[in-house]
Amino acid sequence: MPLTAIAYETEARPTNGPQIASKQPIANLTGVTKRYGNALALDRLNLALHPGEIVALLGPNGAGKSTAIKLLLGLIAPTSGSTRVFGSDPREAATRTRVGAMLQISRITEMLKVREHLDLFRSYYPNPLPMPDILRIAQLHGIEDRLFGQLSGGQKQRVLFALALCGNPSLIFLDEPTVGMDIEARRGLWAEIRILSALGKTVLLTTHYLEEADALADRIIVINKGRVICEGTPAEIKRNSGGRRIRCRTSLPSELLQSLPTVTSVERNGEATTVTAVNAENVVREMLLRDESLSGLEIASPALEDAFLALTKN
């Protein structure tokens, strides 16, 4: 059955996060340490990917994200620890035919047409994805007969995404997949990634667009200095920012606000006061009881960016 037909059926019965988590992992890094000379890239890292989930791997530059992906792709070996993909060594040919990757460092010749690149990559796999499905998923209709070198940056990104799908992989690595794309193309690609997940395919995503991780990921793994420092759903990760933000105009002194239960920070900017609190509703009630003149009240949920900065600043 073509992918388009499968996707149509799957959209009517979306997957459930807890069901995904209950399945056995299809890829593992277990106690992995990786050294480059005296430099420690990964420090006893544990990471697991389950069928059908979209996982965002986040971290500052040099955190070890690229090293982890290279290990799972079988491009390098660990100094110690175990790397398994589909229960086997990721360097085995049978394992690699079930994996697709879109990497920032990807380079392909600019003198071939888009369709020629796709035909070439499809020939590498025993059961490639049908060409019409690849063109639809990667939004390549209308440019399939153009030379790769004549494409815009965003169009080239879509071609590289298409090449990652040629083998109809069960595990897909997407490294900064929407760089150079406009908003419409980016959101279109997000929709296709969600369909791939609904089909049972696992996606490991790295991105500097934290909005992208928030919108797509079932689970976020934050690493720093080669270790996992936080893991959970986007909502769980955002709770690590210290709570929700209360913005208002109030005469209450900062010292009093800071003393209220669950308040983590107080900032003054002219007439505006911003209070961050884990239990924002209770704090607002207390503020209103103490200051009847309080005005301009706004309560905002934390952004993933706030949580990321809070987790990695040290």
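Predicted model: local features only at pLDDT ≥ 70, side-chain atom pairs only at ≥ 80, totals over all residues.
Biologist: Thanks! Which residue stands opposite Val275 in S12?

Modeller: That's Val266.

Biologist: And how many residues sit between the strands in the hairpin of S11 and S12?

Modeller: There are 2 residues between the strands, and Gly270 in this hairpin takes a positive phi near 65 degrees.

Biologist: What other strand is joined to S12?

Modeller: Strand S10 (residues 244–249) is joined to S12 by 5 bridges, and the two run antiparallel. Arg245 stands opposite Thr276 of S12 there.

Biologist: Why is S12 largely enclosed by the rest of the structure?

Modeller: Because 6 of the 6 residues of S12 (residues 272–277) are buried. Both of the strand's faces are covered: Ala272, Thr274 and Thr276 are buried on one side, and Thr273, Val275 and Ala277 are buried on the other.

Biologist: Changing topic, what about strand S3 (residues 54–58), how many of its residues are buried?

Modeller: In S3, 5 of the 5 residues are buried, so that strand is largely enclosed by the rest of the structure.

Biologist: Which way do the S3 side chains point?

Modeller: Ile54, Ala56 and Leu58 point one way from S3, while Val55 and Leu57 point the other way, and all are buried.

Biologist: What does S3 pair with, and is the sense parallel or antiparallel?

Modeller: S3 pairs in the parallel sense with strand S7 (residues 202–206), over 3 bridges. S3 also pairs in the parallel sense with strand S8 (residues 219–224), over 4 bridges.

Biologist: Which residues are the bridge partners of Ala56?

Modeller: In S7 the partner of Ala56 is Leu205, and in S8 the partner of Ala56 is Ile220.

Biologist: Which ones are the buried residues of H3?

Modeller: They are Lys65, Thr67, Ala68, Ile69, Leu71 and Leu72.

Biologist: What follows H3?

Modeller: Gly74 follows H3, with a positive phi near 75 degrees.

Biologist: On to cysteines. How many disulfides does a search of the whole structure find?

Modeller: The search finds 0 disulfides.

Biologist: Okay, and are Cys166 and Cys230 buried or exposed?

Modeller: Cys166 is buried, because its relative accessible area of 0% is under the 20% cut-off. Cys230 is buried too, with a relative accessible area of 12%.

Biologist: Let's zoom out. How many helices and strands does the protein chain have?

Modeller: The protein chain has 13 helices and 13 strands. Its C-alpha trace spans about 70 × 45 × 40 Å along the principal axes.

Biologist: What share of the residues is buried?

Modeller: Of the 314 residues in the protein chain, 47% are buried. The accessible surface of the chain comes to about 15500 Å², and carbon and sulfur atoms account for 50% of that surface.

Biologist: Among contacts between residues at least 6 apart in sequence, what percentage join residues at least 24 apart?

Modeller: That comes to 67% in the protein chain.

Biologist: Last one: how many positive and negative side chains are there?

Modeller: There are 36 positive and 33 negative side chains in the protein chain, and the centres of the two sets lie 6 Å apart.

Definitions and conventions:
Residues numbered from 1 in each chain as written. Heavy atoms only, no water. Buried < 20%, exposed > 50% of the residue type's maximum accessible area, 1.4 Å probe, protein only. Contact = heavy atoms within 4.5 Å. Areas by Shrake-Rupley, 256 points an atom, 1.4 Å probe, with all protein chains shown as cover. Lys, Arg positive; Asp, Glu negative; His and termini not counted. Charge placed at Lys NZ, Arg CZ, Asp CG, Glu CD. Disulfide = S-S within 2.5 Å. Pairing = 2+ DSSP bridges.
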